[in-house]
Amino acid sequence: MYLAVLIILSPSAGTVAFADTAAADVSTISVESADDVPIHQDEVTQEFELSVEFTDDSSDAIIINGIPAAVSVENIDVRSGNTNNVTVTDTSTSGPSFELQSQVDGTTTTTVYVSLEYDTSALGTNAITTGNGVSFDFVGGSATGTATFDIVAGNDAQLNSGSTYWRGQKFAVYIEGGSSITVGGVTIADDDELQIREYNTSGDNHRIGSLIEEFRLENGYAEINTYELYGDYVITPASDSTVALEITNGRITAGYQEDTLAGRTVRWDVTTQDLMTDFDGRFVNNKETDSTTVFEIKTTRASSDIEVSADGLTQEELLSVFSAPAFNAQPLPEYDEDSDDTIVLKNVGDLTEETDFEGIKEGKYDFYFDVADTATWSLGIIEVIESDVQAGYRDEVITETAGDIVEVSVRLEGSESVYMQIGGQEAGFTDVLYLEDDDTDDDVTFSINTRALGTGAGVGDVYHTEGDLVESEVHDGISSANAAGYFEEDTDGSSQGFEWFLYEQGLIDSVSGTPTNQLRRPLQPTTYELMLAENGHFTVTGEGESEADVVLNSGLLELTPPSIDSITTYTAPEGNADVNDEVAELLEAATPRREIAMDDRLVVHVEATGLYGALAYENGFDALTDGTSLAEFNRILTGATHGHDWRGEGINFHLEVAETSGNQEPTSLDLTNDDTGEGFVAYDEPSGQFFIVIDTGADDDVFTQSLADGSEFEALLKYETDAEERYAFDTRITGDVGSPYEGDAGGNITDTPDAAYPYFQPDSTQEARVRMTIVERDVIFDTGDDDVLEVPLSGVADISGRTNIAPGTEAQVRVSSIDASPPFRSTTGITIARDGTFSAEFDFSEQSAGGLAGTTFYIDGRSVGQIDTKLVSEDSTDTPQSVTLDLDPERSTQNTETLTPETDTLVPSTDTPVSRTDTPASTSGFGVIVALTALAAAALLVIQRKR
């Protein structure tokens with residue numbers, strides 16, 4: 001069944017009638033909103049929003065009653081808010097008429113928008129009302145909906161002293177009754193001149209300022225256009241500009257002399273509405289999938305009506321693009337001359353929502369966004385493409401540190417290959433890549449070495465992929481089978497070379513130049529566009545901007561400045577330096593500590609970025625996952641000379657004795673050592689950290705001299721800069737950038753290169769350092785008062801203590817009889833706890849009281865310490881006493897960072913060690929061990945969370 005209601009305009013009667021056709025009954029009418037109507041307008045639209053409920057019981061006419069006789073209704077437009085349920089058909093004959101027809105059986109509720117265009121030029125100021133002084137009734141059968149509104153002065157707003165208006169709005173001032181008024185001692189006639197003047201509210205006395213505009217009342221009424229206004233204003237009589245007028249809803253209500261303005265409300269101000277519109281990305285597909293892109297509106301106004309148009313798009317197409325409910329997009333009334341190609345976003349403020357370009361024809365579109373009642377407008381540009389090939393990024397915005405490694409993953413559908421442009425004119429660098437999915441997983445994944453990009457390095461040193469193909473125009477060129485084409489804008493001419501493409505962008509000096517003379521120094525921190533193109537055809541606009549013939553997607557690479565954050569030291573159980581070659585395993589084994597027992601592993605943890613690209617160039621991309629020897633790490637350091645001279649890079653690292661007499665070279669880590677079992681470097685490039693692991697048991701095989709007990713070492717990483725000049729590539733001979741390492745301060749490496757870290761300004765060196773001490777291994781047993789370890793004759797006798805040996809180390813505690821019956825030897829294996837404590841359990845229940853023994857602490861069969869031991873009955877064991885240790889906070893706190901657990905609360909052991917006066921000769925480090933107990937767990941927790 002179809003329900004229909006016919007809407008008929010009756011100009012002679014001043015009414016609008018909704019007359020019935022087939023069986024249809026309007027059961028309820030609710031007027032949701034009605035615009036106010038301004039006077040003195042030859043064309044002005046009043047909009048109504050109705051909620052109408054239909055039933056199929058009977059038919060009734062709906063009539064709008066109450067249009068003033070002096071108002072001429074020029075046009076009407078009625079449209080349904082739900083065309084799936086109710087459609088609107090123009091059935092005009094002798095006068096405009098519309099049929100609302102239901103598309104469903106039974107009861108239907110729909111929103112109906114009614115637009116009436118009036119000529120109110122005959123309405124004078126006597127018609128002005130306040131407080132919803134005018135009403136229209138929408139009557140249909142027994143249902144009535146009443147619209148209430150006012151007749152007002154001012155097309156866009158009503159002027160009130162004390163209020164703020166938006167530049168471009170139009171309002172009016174008038175004299176009530178249209179005759180004359182006396183305010184502030186001045187009489188204003190209905191044809192007098194008034195002035196808009198600046199108003200100064202600074203200081204205690206408010207002052208009327210300079211003349212801005214003068215205008216004349218006509219029959220006590222005048223309109224004001226704020227298009228050229230910005231600031232604080234008052235209106236004054238032209239005959240006496242020392243009187244400021246007070247305005248209420250456009251009506252002149254009072255006037256005050258300038259010397260009485262303090263505390264008066266006469267000022268009104270005009271400000272500019274800011275409007276920013278932006279499509280997310282430059283391109284969007286028009287296919288069924290991948291046809292949406294996010295659109296954002298930012299404005300300083302809470303809400304406003306924004307009219308939208310784009311050359312080449314119809315009203316219907318615009319409504320399709322902005323179809324999301326949040327846009328509240330509506331057509332203009334059909335009688336509006338712009339209705340064919342303009343829509344309005346009603347009452348929108350700040351907004352982020354998806355637009356949909358499915359079915360929109362290919363082309364580049366300029367979208368104009370004009371605020372309906374102000375002078376504010378904005379432009380949004382997007383290009384619609386049509387392609388069955390789809391390509392996108394796993395991460396559309398990739399953020400990485402300059403000088404490090406970027407991971408890129410491109411998804412492909414409908415093709416096994418795609419082209420990518422990196423950078424462009426604005427970034428100051430361009431490379432074009434051919435990418436092919438060789439492993440048929442619909443994905444091309446590769447790494448970019450940003451330190452080598454743009455230099456004379458080969459493609460394999462710059463781009464790395466495991467199972468796909470990457471070819472580069474800058475690095476070794478794209479093969480002829482996959483060649484890209486470069487064309488002038490809007491021409492079908494022959495393809496130019498890549499050098500021409502760079503020259504037209506202003507990136508090289510001539511078409512005879514080479515792609516490797518784009519850069520003055522390594523790729524710097526900024527934003528680089530990553531544009532995916534289908535066919536490899538690129539053009540350059542007249543402004544030198546590069547574009548692609550068929551763009552599939554666009555992403556961003558954001559390179560950030562490098563930094564050195566901190567250095568921390570750890571200890572780990574004895575073993576080869578590379579026994580834990582995975583960072584996760586190493587973190588599990590390590591404990592933060594600044595005193596390292598000999599034979600244990602020393603781990604120097606460095607949080608720093610901006611050096612991994614250089615390391616990958618020297619040792620290969622796999623080195624960052626497999627780790628390197630000290631000698632391989634040393635290749636990028638200032639002091640290294642091995643055929644590739646990186647001394648201009650300004651990266652320094654040392655681990656050496658902190659203070660010496662100066663008569664001899666200090667003991668230091670031998671960075672030329674190439675045995676990964678003695679010295680190993682593990683890298684965690686994604687998290688910006690690396691770990692130098694040293695087997696201290698290797699002694700002078702990995703250090704330049706033998707280690708001495710109590711030696712204090714300093715670990716330092718420094719990015720050194722020149723006092724005056726930045727790093728630059730040395731291009732003096734060929735004009736091209738050579739190998740990545742061929743540069744220094746000022747770009748002259750003829751003699752010894754001068755250090756200048758490539759990513760820092762002059763005189764901005766960064767460094768981090770920390771000190772640690774290497775000591776002999778030691779152990780302290782928990783004893784009684786008489787310096788003898790008393791062990792109870794129990795089946796669960798416990799022997800405990802502390803040691804400076806690395807937590808996690810497996811050890812043995814052995815008790816051997818000296819004078820006991822029967823003789824015995826008993827050994828228990830233990831693992832040193834995180835806080836350096838240990839506990840070994842024995843069964844001495846078969847022994848006799850008074851027996852004497854010796855207790856020894858062993859690591860791999862080597863004795864670390866021993867103590868005299870006496871077997872006693874359980875009830876005669878000395879009461880343990882607490883140990884008081886002299887903690888030196890200066891020595892127990894890292895000097896480069898404070899590591900604090902985020903949520904975990906550390907609960908210290910409740911075991912109370914007893915005091916001992918007969919301690920072993922070497923007791924180094926126990927104060928520090930105790931102080932770092934909580935820090936140990938906290939530090940590992942934080943580092944592992946970073947991963």
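Reader: How many aromatic pairs does the structure hold?

Author: Welcome! This is a predicted model, in which local features need pLDDT of at least 70 and side-chain atom pairs count only at pLDDT 80 or more, while totals for chains, interfaces and linings use all residues. Residues are numbered from 1 along each chain as its sequence is written, and side-chain values use heavy atoms, with hydrogens and water left out. Rings of Phe, Tyr and Trp (its six-membered ring) pair if their centres lie within 6.5 Å, and the number of such pairs in the structure is 42.

Reader: Are the rings of Phe295 and Phe369 stacked or edge-to-face?

Author: Planes under 30 degrees apart count as stacked, over 60 as edge-to-face and the rest as tilted. The ring centres of Phe295 and Phe369 are 5.1 Å apart and their planes meet at 25°, so the pair is stacked.

Reader: Which parts of the chain does that pair tie together?

Author: Strands (E, at least two residues) and helices (H or I, at least four) are DSSP runs, numbered from the N terminus. Phe295 and Phe369 are both buried, where buried means under 20% relative accessible area, exposed over 50% and partly exposed in between (1.4 Å probe, protein chains only). Phe295 belongs to residues 292-299 and Phe369 to residues 363-371, so the pair ties together parts 74 residues apart in sequence, in strands β27 and β32.

Reader: Which strands hold Tyr486 and Phe538?

Author: These two rings are stacked as well, because their centres are 5.9 Å apart and their planes lie at 20°. Tyr486 is buried, and so is Phe538. The pair ties together parts 52 residues apart in sequence, since Tyr486 and Phe538 lie in strands β42 and β44.

Reader: Which Arg lies over the face of Tyr227?

Author: A charge sits over a ring if NZ of Lys or CZ of Arg is within 6 Å of the ring centre and within 35 degrees of the ring normal. Tyr858 has Arg814 over its face, at 4.9 Å from the ring centre. Over the face of Tyr227, at 4.7 Å from the ring centre, lies Arg167.

Reader: Which strands stand at the edges of the open sheet of 6 strands?

Author: Two strands pair if DSSP finds at least two bridges between them. This sheet has mixed pairing and the order β35-β46-β43-β37-β38-β41. One side of each edge strand is left without a neighbour in the sheet, because a single partner strand is what each has: these are β35 (397-401) and β41 (469-472).

Reader: What residue is the bridge partner of Met420 in β38?

Author: Strands β37 (residues 417-424) and β38 (residues 429-436) run antiparallel and are joined by 8 bridges. In β38, Met420 has as its bridge partner Leu433.

Reader: Which residue in the turn between β22 and β23 has a positive phi?

Author: β22 (residues 243-248) and β23 (residues 251-257) pair in the antiparallel sense over 6 bridges, and Val243 stands opposite Gln257. The two strands form a hairpin with 2 residues between them, and the one in the turn with a positive phi, about 50°, is Asn249.

Reader: Is Val775 buried or exposed?

Author: Val775 has its place in strand β58 (residues 766-775). Its C-alpha atom is separated by 8.7 Å from that of Asn804, 29 residues apart along the chain. With a relative accessible area of 2%, Val775 is buried.
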